[in-house]
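Me: I have a structure to study, and I want to know what stands behind the terms. Please show it, and then I will ask.

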Amino acid sequence: MLEQVKQDVLRANQRLPEEGLVTLTWGNVSGIDRASGLVVIKPSGVGYKELTIDDLPVLDLDGRQLEGTLNPSSDTATHLALYRAFPGIGGVVHTHSSWATCWAQAGRAIPPLGTTHADYFYGEIPCTRSMTDDEIANDYELETGNVIIETFTGRDPLEVPGVLVKEHAPFVWGTSVKNAFDNAIVLEEVAKLAMHSEQLRPGIQPMNQALLDKHYLRKHGKNAYYGQRT
């Protein structure tokens with residue numbers, strides 16, 4: 001299983017520039033093998049085209065590096081905090097994708113305005129509070145994870161699989177590496193759609209709750225009926 005996670009993490013990191021989600025090396029993807037509790041993540045500062053599977057650091061949930069000689073991503077502590085707090089997730093994607101980062105820099109949640117959003121996110125995509133000076137000065141990456149976890153108090157992280165870290169950028173997750181990557185693509189698209197919608201109709205309100213329920217629940221949960229039954 002760990003070998004499959006390595007393959008998935010390698011491919012997902014390589015796809016970040018292909019999908020237009022990053023500039024330079026401004027993003028990283030990780031995955032976890034829940035059976036062993038081991039996390040695979042992109043190494044810090046290495047170009048996506050240069051990555052090989054042997055470059056990928058493997059760590060336990062306490063951050064001890066067990067495989068690989070390269071330093072893991074500087075955002076590793078954030079990823080690990082999310083894996084510890086959200087046991088249902090299998091992959092985490094961090095980008096500085098342009099549209100979502102605009103909302104993060106503005107400190108605004110992305111409201112659900114249409115069914116594109118509702119198919120993947122069951123409500124607004126929240127934005128964290130500002131981090132304090134102490135949080136920034138001490139264990140910044142861990143505290144970034146903690147402020148995300150705080151934001152999800154009372155929320156199901158699998159129903160809203162992403163967040164905007166205020167004045168920073170999005171972190172997105174999913175049940176697997178592939179699912180997290182798909183959610184990152186969707187988050188960027190709904191961020192763009194929401195911004196244009198607000199420009200076309202200032203003061204636009206969130207979508208009808210019944211329509212939000214319909215579109216989310218037909219794809220998710222025990223009564224989902226979208227797609228093919230196997």
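Me: What makes strand S7 (residues 170-174) largely enclosed by the rest of the structure?
Reply: Five of its five residues are buried, so the strand is largely enclosed. Buried means under 20% relative accessible area, exposed over 50%, and partly exposed in between, with a 1.4 Å probe and protein chains only. Pro-170, Val-172 and Gly-174 point one way, Phe-171 and Trp-173 the other, and all are buried. A strand is a DSSP run of E, at least two residues; a helix is a run of H or I, at least four; both are numbered from the N terminus.

Me: What is this model, and how are residues and side chains treated?
Reply: It is a predicted model: local features need pLDDT of at least 70, side-chain atom pairs count only at pLDDT 80 or more, and totals for chains, interfaces and linings use all residues. Residues are numbered from 1 along each chain as its sequence is written, and side-chain values use heavy atoms, with hydrogens and water left out.

Me: How do you know that S7 pairs with strand S5 (residues 91-94)?
Reply: Two strands pair if DSSP finds at least two bridges between them. S5 and S7 have four, in the antiparallel sense. Strand S6 (residues 162-164) and S7 have three, also antiparallel. Val-172 in S7 is the bridge partner of Val-93 and of Gly-162.

Me: Why is Asp-33 said to have no salt bridge?
Reply: A salt bridge needs a side-chain nitrogen of Lys or Arg within 4 Å of a carboxyl oxygen of Asp or Glu. Lys and Arg count as positive, Asp and Glu as negative; His and the chain ends are not counted. For Asp-33, the nearest side chain of opposite charge is Arg-34, 8.4 Å away.

Me: What makes the buried residues of helix H3 (residues 98-106) line one face?
Reply: Ala-100, Thr-101, Trp-103 and Ala-104 are buried. The face turned away carries the exposed residues Gln-105 and Ala-106.

Me: What do the buried residues of H3 pack against?
Reply: They pack against S6, S7 and H7. Contact means heavy atoms within 4.5 Å.
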